[in-house]
Amino acid sequence: MSKRKSIISVILCLSIFFTIFSISFADIEYIKVSRDRSIDKAIEYLHKVQNDDGGFPSKKGKKSSVAVTCWTIMALSAAGEKVTDSSWRSKGKSPIDYIKESKINLEETIDYARMLLTLSSVNEDYTYNGENLLNKIISFQQEDGEFCQIEKGEKGMINAHMWSILAITSTGHDVPNSEKAKKWLVSRQNEDGGFGWAEGIQSDLDDTAIAIQTLIILGENPKTSYVVKKALEYMKNQMQKDGGFSAGEWMGKDSNSASDSWGIQALIAAGEDLFAKKWLQNGENPITHLIKLQSKEGFFYWKKGVNSSPVQMTAYAIIALCQKPFPVNLDYKSYKLKDRVFSDLKNDYWAYDEIMKLVRENVLSGYPDNTFKPEKLVTRAEFTKYVVAGLGLKDMRYSDNLKFDDISKNHWAYDFICIGVNKGFIKGRSESKFDPNGKITGAEIATMLVRCLPKEKIINLKRGPYWYSGYVEIAKKRNILYPNFNPEKAATRAQCAYSVMKLQNILQD
């Protein structure tokens, strides 16, 4: 009898324990439904506050703000909304129209990063006010890996560094000197595990959450990384009794919707279970707390009863509730190259093996939306990178006396082009023009590939009716041209990958 009572007591204790300290499956499903309803309600609110110029204000009735509109565009993109559709056109103007027509002067590094993140989230061109935002941000990188504009007093600004990395990643471009960039960020972690907005500043949850996302982008494994684990522990210490996150001591101890949102994004990026005991306080977690801060009208309060920048708070909340870390167009689950499976590249695709080999070698990469885009046309700068990286020459020393007036030292492919020109693989389309953004043709590819071959393999280079005839003839004999080769047509990513792989095979024989 006593044994039976003991068993019953244990069962009752376990029942009470799980009731107090965990969320049941039924509760989780209910929260997910509530989350979806909350997103719909928030989107409906954004429809109501959009101004006639297509932009969004900080609060209903005020002038449109470029910064707020950027956050809102990212939020709508995260929710699967198409911001250029008629449903998001006010008086015929879309949010993208508003941003482009505003033509504001970007000053701070964060301004450049936010704009690039916004345009990338909706697959828009990276050019704003005549400036290539990707090249501009890359030009801000310092010798130690930090991204900042020293002349603007940004040295040591951790937030500028982190947002630059997230923005570059949003384009599908590799972060230059990524190990240096990561080392710089890791060395700025405070003793409590958190990060501040600048070095020497006390930690806050918002910047710590962005740091976690940035570190994962830079290759830190959240399951094994000491720095990420310390940051997550700091976040845990900022949880309040209501299940929400506090920004930190300097912002007051009260939890708020912005910190909830950033915190949720960091936990999702790190692969944390938000419904696990670790992230519960009195049966509440950051998701349930965030939802409770939503008003009847659909916007989100900053703190309970505090209506501060409701449109921006709502944008933050939508991104978090949609379970999208930054950049919102990145698929975190398949970001690691070794685990990468591209959604638009099946294993029976004609150039699948060649593409995947170059991906594993870090010669090629996919796009943040988990696609490879095998049929996308390739530029001359891109193909130069493919060849230089494919031949293992990217760390080669070179003379940087390029005479092309359309290639600056800040161009993302400057190093690759210098190496390609120094090695004699590629020339300009004229004495003064390299045309980095011009689409590379089959003839140019054949010529580059042949120039990469050892001299003994390119004997008897003959002239023909066209400037490229001799190169194409040798390339065909060496079997390094892709199927359906046409010298006059621009080449796709798949075709370029195929030929680079063929070149590798010959050089390895």
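Reader: Which side chains does E131 meet in a salt bridge?

Author: A salt bridge pairs a Lys or Arg side-chain nitrogen with an Asp or Glu carboxyl oxygen within 4 Å. In this predicted model, the side chain of E131 meets that of K136, with an N to O distance of 3.3 Å. E131 is partly exposed at 27% relative accessibility, and K136 is partly exposed at 26%.

Reader: How many salt bridges does the structure hold?

Author: There are 24.

Reader: Where do D174 and K385 lie?

Author: The two side chains form a salt bridge at 3.8 Å, N to O. D174 sits in the loop between α7 (158–170) and α8 (178–186), while K385 belongs to helix α15 (residues 380–390), so the pair ties together parts that are 211 residues apart in sequence.

Reader: Is K385 buried or exposed?

Author: Buried means under 20% relative accessible area. K385 has 13% relative accessibility and therefore counts as buried.

Reader: What about K477 and E473, in which helix do they lie?

Author: Both are in helix α18, four residues apart, about one turn of the helix. K477 counts as exposed, at 63% relative accessibility, whereas E473 is partly exposed, at 30%.

Reader: Which residues are linked in a network of salt bridges?

Author: R380, R429, D435 and E444 are linked in such a network.

Reader: Where is P465 found?

Author: P465 is in the loop between α17 (442–451) and α18 (469–477). P465 counts as exposed because its relative accessibility is 73%. Its C-alpha atom is separated by 65 Å from that of K48, 417 residues apart along the chain.

Technical notes: Residues numbered from 1 in each chain as written. Predicted model: local features only at pLDDT ≥ 70, side-chain atom pairs only at ≥ 80, totals over all residues. Heavy atoms only, no water. Helix = DSSP H or I, 4+ residues; strand = E, 2+ residues; numbered from the N terminus. Buried < 20%, exposed > 50% of the residue type's maximum accessible area, 1.4 Å probe, protein only.
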